Amino acid sequence: MPAEDMGKLTNRTRLIFAVSSVLFLAVLAISPFKDFRREWKQYKRSYLRFAQGRPDTKKLLADFRPDIDQIWLPGMNVVDRCTTCHQGITQTTLSDNAVPHPFRAHPPIPHNVRDWGCTVCHRGQGPATEVAEAHESTLAWEQPILPTRFLQASCGTCHYADMPQTPQLTRGRQILAELNCQGCHRLPGIDRPAMFGPDLTNIGTKVSRAWMYKWLKEPRTMVDKDGNVTVNGYETEEEPRMPKFRLTETELRALSAYLSVQKTKAFAPYKIDPRVVAAWSKNPELASQGELRFRQMFCSTCHSLAVTRAGETKLIGGDIGPELTKVGSKVNPDWLVAWLRDPQGYLPHTRMPRYGWSDEDLYKVTQYINTKLTDSDLLTGIPELGQPADQEIQLGHRLFLEKGCASCHVIEGLNPQKDFGPDLSALGAKNASELEFSKSNIPHNLVSYIQAKLQDPTSVNPAARMPQYNWNQSDLDAVTTALLSMKGAPATSALQNLVVPRKDVAFHPTGSFAEVYDRYKCSTCHKFNGYGGDLAPDLSYEGSRAQRQWIVDFLKNPQTLRPTLVLRMPQFNMSDKDAATLADYMAMVLQNTAANPAAVDAKQFTPAMAALGKQLYEVKYQCQSCHTIGGTGGYVGPNLNNAGGWLTPAWVEAWLKNPQSLIPDTIEPRRSFTEDEVKALTAYLMTLRQSIKPQKTAKLAPSEATAQGASR
Amino acid sequence: MRRYFRTNALLLTILASVSGCGKRAETVKAHPLLRAYDTEADWSDAQHIIPLSYQQAQGKRIFYQQCVWCHADATPAGPSNRSNLTPAPPLLNDGATLNPESDEFMQNIITLGGSAMGKSAMMPPYGRMLAPDEIRSVIAFTRAIAQPPYQQPGRHGSQYSAK
């Protein structure tokens, strides 16, 4: 029965047809459904609901469109669709923390979102319209969004000059410079110091082979199980510049052998006057007198010592020079005498000034160092090394080059390998697939890679030549930020034009001033026209600020103007001639046109003006909250006991009107004094005088505090 | 047989188109503090790390330049000027004193100084030195580190949701 069969078949076919049609329809419906459910559309709709629930709906929805929004900046290679979901970014009323992401307004920043886009700073995939693709690493995109913690890295990709707004980036760049990372890596924009590590041409004349063995094995730094870094057994927060190299016993022997024979230029030994030695050598006070002199000369401004106070031992003092707690067990006593007399003769690039030593002082201080700053256990546990064998020396020579020692330390006649470590100038732009993770368990992204490599280079590369540093978390993050900022040359010419270059600062004095300035290494602590250290006051306008006679007196006998400062100007034992050379140059050259000492006549100030000024100082403006006069007042600003003998009236007037115009980063608040008030305050300050007395015995115990940064 | 084939083909098509929905990028879990612009250790409990937003971090930077000398017991230079002053300025994290003050009052006293607001003249005016936004950021930082924690007046957060 074909008809029945047909009918049966028809029914079955119908059924199949019906089912497949329904299925087919369902399949067709998937596409519009998926489209409807797309993440960005969901965010669009929820923004709509969110805005409608707020009082300012109209304003929030003024430029609302239901489709994809994008910021297109062809010159900068920016196609950012982030604002499709982050719809409230420019709405000032949505800045409250209670507003949920992604609708919250962007915090106020110096750049306008519409002019810059988002990915220039935040990175990530601009054209993406899915949350994961925009923010994270995918198979096709490996530049995920930058964790907020490291966001300052993006400022650094264009701003090569340091900015006050990016302290973490600045700190990271400073650390890269301080630790001499430039020795092995190409790091554009990081200052190359005049000298990386100490010059080792004559190291054999300075320290013993056993000491070198110990140093190479454990360069002062130890980390206990809690991660505390100690230097010579004392806790510190400073990362010593010399990192730890993972050296085997053979390597330690070879390197110490090689270094101990570096004695090409013998230093000229200095013989201290025998009469001084005869007078002092039997004196039981010798070491304590030496210690007193050591303190009076403010060696601690640059060098730290371990000090025990209330059962707690810590390092106190500056970090410009090495820590000296055990230096007496380190250096050859004859070398020490020669070094202190003329440091620049041994190391031309040293930052150590040349003091005008008397034989007596030199004897006392070196005896103090040799007898008190010692540790008889320093070299225990070091195996018997004996005379260096030729074989060891040769191996040491090879290792010195292969381990990268030569990249930081000069030995005359030895040529280091060029480009020893990888070029890091575009590290911040690297994809995760370009990095070596080896067997490490860390997440495969650039930030984790950089942090793992910095903390333990062998964790991502067992064969790494990079030595071991010990970071605290904030330094690690700072260095990571600085490295992430290095994205190489800007991709487009429009971006190239946005680069804010570093200012090349230099200060090239001439004539007799230059010679004295160089001998006392003034720029180690003081800034001159933007060049130099920041431990001590900026001297760019010292000739406008201070009276010439005061400068001379101060140089001869430095006194601190700030009661809380511990790090002070060292006592150089400066000759009259040197002091006059420096003071004359400052008075002539280091001037600010806004404060010309010749332009203000001190005779115009009457006692009546001064009386009014005193009133203003003490009652209306209460300057004593920060400045000390007599025995009372605050510690924030310099004491003004001798303001009349120290400052020029022109400077005081200009300063009171606008302190930041003279020293941009001073913390003295700018007030709105009237012209009469400025005159009255100046008149009062000019009446304050106090002669500088010769320095009395300094306190034996240095204060707990360190005073970096307080010099402003 | 053919029927099964057809059904399978259909199912496969469906599966193929649905599977696209489940595609997820490789997720990298960031440490919660990585999402903060900066951090500050709680002054009364160093173990407690407070995450700071961009604005609060700007306030922190300005605080440690300008204000720390009198409004903290330890400064980057060591000792603090606070003990020299009568009346003693409040510590910046002193929530008991500062939480009740409105943002507007704080903005005014920093801008105009203590004497303009009936407080000690020892507090100088910063209106010619710091921009209003900078002062706002200092207030934001103050609120972030306050102990006891600062509660924003009339805060209504939970009624909004992102999705």
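The model is predicted: local features need pLDDT of at least 70, side-chain atom pairs count only at pLDDT 80 or more, and totals for chains, interfaces and linings use all residues. Residues are numbered from 1 along each chain as its sequence is written, while chains are lettered from A and ligands numbered from 1 in the order in which they are written.

**Helix H10 of chain A**
- Because 9 of its 12 residues are buried, H10(A) is largely enclosed by the rest of the structure (buried means 20 or more other C-beta atoms within 10 Å of a residue's own, placed from the backbone).
- Among these buried residues are Leu252(A), Arg253(A) and Tyr258(A).
- The buried residues of H10(A) pack against helices H9 (209–217) and H16 (390–402) of chain A.

**How H9(A) meets H10(A)**
- The axes of H9(A) and H10(A) come within 9 Å and cross at roughly 135 degrees (axes are lines fitted to C-alpha atoms over the stretch in contact, with angles from 0 to 180 degrees between N-to-C directions).

**Chain B**
- Chain B holds 5 helices and 2 strands (DSSP runs of H or I, at least four residues, and of E, at least two).
- Along the sequence, the pattern of chain B is α-β-β-α-α-α-α.
- Of the 163 residues in chain B, 33% are buried.

Conventions: Two residues are in contact if their C-beta atoms, placed from the backbone, lie within 7 Å.
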